[in-house]
Amino acid sequence: MAARKLRMTFAPTARHATLDPPRLPTYPLSFTQSVPHHPSSAPMPTPPLPHDEVIPILDFGSQTAQLIARRIREAGAFSLLVHPSITSAELRAMKPRGIILSGGPSSVYEPGAPTCDPAIFDLGVPVLGICYGMQLAAHHLGAKVAPGRAREFGRANIHITDRHGLFHAIPERTTVWMSHGDQVTNLESSGFIPLATTPDCPFAAVRHASKPFWGVQFHPEVTHTPHGVDILRNFLYDICRCKGTWKMADYAATAAARVREQVGDARVICGLSGGVDSAVVAALLHKAIGNQLTCVFVDTGLLRKNERELVETTFRDHFSIDLRVVDAERDFLADLRGITEPQEKRRRIGHRFIDVFQAAAKDLKGAKFLAQGTLYPDVIESGHGHAGQSAGIKLHHNVGGLPEKLGFELVEPLRDLFKDEVRALGQVLGLPDQIIWRHPFPGPGLGIRVIGEVTKPKLDILRDCDEILLEEIVAKNLYRSTSQVFAVLLPVQSVGVMGDGRTYESCIAIRAVESQDFMTADWARLPYDVLATISNRIINEVRGVNRVVYDISSKPPATIEWE
């Protein structure tokens, strides 16, 4: 199989980072590692931290824990998520400027609820507890936690009684986002000073009288708390005395150094799809290890129309990487024959990808590592959250879909990043805009956009519909204002009328969303005339389709992909 030689240049620029490093199942400071669900993998050595202003965040399983880290990064300080079992000695060794305790779904008084080392509060380092984190700290420091008289979910009006320190320059009355059923009681008798109240929560924010601890019962990290970012900045700069010098280029340099440390002189195979995630991984690895990298593009038969040609052309213009193209359509479609259950589809696709990479590795001397563009939403939705508390929403072919005996050690430098953070890293690495801003395309491809059994005739119908959809979105200058747009082939047929005759043909659903981080998303309000044009073109130009519908579901409660 002929290798293709492509060219890439890198032009790092100084930008403030919003990136968060991946997590280890044992000690939480490595940027690249084997995934936690392969317990036989040995933990990586712990390199020095890339910055002298670190804010570790103990992750107690909150779905928004990563947002805390992002807000800290956006404010210019270095942050990382760590396991709640980290000891005070390990934290002290990190020389943190401050520590944050995240929210979580548990109650502190329940058996098996996640906890932390109580000695954290004796380090002399400022600690901020958020929701569950506040309750846990209060529990350790002598207060009581019990179910509240009233639960608070959603927006709540808060009255700030002490506008110094944490609430400096915050309006006396504002709105916050609550999500709790438990409350802390007898705080004042336990050495706490109340800072804010709501009608249903007398201790909506507190600080300890003698220890450097602050707690908020609400979530400042979410956008529904209008002054949440200001509160976090007050914690960073007024309380922790940070200087805000963390930059995006620091992350790129540090991640590259850690890749070099992990792989040594071994060869790395990168699963290249042409999407932004795998492209950024390839760029980062190329920066780190140069010609030790071989990229493998797999033609699964589940790709969009002309995808293979587009990927080869794009990467020929921008990369200088050993690129191998493998035609595996027959194998993938054979694996999916008769399969309708979405999780099983993802498992089979994930296993077949590994088979292809293992076969490619036989021709590559010293290939011991497999690099993937796994992102944080993939990890969370697959139930592999850092604290082990996150619910499994759906398997991703590169997370829960991997076989137990992988045969490679994984390199996943984007594992704890959101999509917008990956794009920011791509800009630092000098990737062109047409790659950075390309809409996401799932690793399982059209296999999870053909609802029900996957066959080549169904794929061909969907490819034609998807091409028309994207043509019109681009033509109407809506591509950059939407985050992801695609077509789905539904497993139903409906009656129609064409040329005065009855038809009984397939239905296509159009999905268009707007999102920043892809953990949440809202359906895009595409203009009616654009939708009309798309529908008319699909029905007129694609044989086998007589109905088009538009998906107006947000995430949550729906996911972006249908399967």
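Two strands are taken to pair if DSSP finds at least two bridges between them. In this predicted model, that criterion gives an open sheet of five strands in the order 12-11-10-13-14, with parallel pairing. Strand 12 (322-327) and strand 14 (409-411) stand at the edges with a single partner strand each, so one side of each is left without a neighbour in the sheet. From one strand to the next, the twist averages 30°. Strand 13 (residues 367-371) runs parallel to strand 14 and is joined to that strand by three bridges; Leu370 has Leu410 of strand 14 as its bridge partner.

Two helices can be followed against this sheet. Helix 6 (residues 276-289) packs on the sheet and touches strand 10 (267-271), strand 11 (293-299), strand 13 and strand 14, its direction making about 165° with that of strand 10. Helix 9 (residues 342-361) also packs on the sheet, where it touches strands 10, 11, 12 and 13; the angle between its direction and that of strand 11 is about 135°.

The largest nonpolar core holds 128 residues, and those touching the most other members are Leu58, Ile99, Leu187, Ile269, Leu285, Phe357 and Leu425. Helix 6 gives the most to this core, with ten residues. Beyond its neighbours within four places in sequence, Ile269 is in contact with residues including Thr294, Val296, Phe357, Phe369, Leu370 and Phe408. Another core, of 37 residues, lies apart from the largest one and has Ile130, Ile170, Leu232 and Phe235 among its members.

Turning to helix 13 (residues 456-475), its 20 residues should span 28 Å at 1.5 Å a residue, which agrees with the 28 Å between its end C-alpha atoms. Among its buried residues are Leu459, Ile461, Arg463, Asp466, Leu470 and Glu472. The buried residues of helix 13 pack against helix 8 (329-336), strand 15 (484-498), strand 16 (501-514), helix 14 (528-541) and strand 18 (545-550). Asn477, which follows helix 13, has a positive phi near 60°.

The structure holds 27 salt bridges. One of them joins the side chains of Arg449 and Glu561 (2.7 Å, N to O). Arg449 lies in the loop between helix 12 (433-436) and helix 13, and Glu561 in the segment after strand 18, so the pair ties together parts that are 112 residues apart in sequence. Both Arg449 and Glu561 are buried. Within helix 14, Arg537 and Glu541 are four residues apart, about one helical turn, and their side chains meet in a salt bridge (2.8 Å, N to O).

Notes. Residues numbered from 1 in each chain as written. Predicted model: local features only at pLDDT ≥ 70, side-chain atom pairs only at ≥ 80, totals over all residues. Heavy atoms only, no water. Axes fitted to C-alpha atoms, helices over the stretch in contact; angles between N-to-C directions. Contact = heavy atoms within 4.5 Å. Core = buried A, V, L, I, M, F, W, Y, C linked by side-chain atoms within 4.5 Å. Buried < 20%, exposed > 50% of the residue type's maximum accessible area, 1.4 Å probe, protein only. Expected span 1.5 Å × (residues − 1). Salt bridge = Lys/Arg side-chain N within 4 Å of Asp/Glu carboxyl O.
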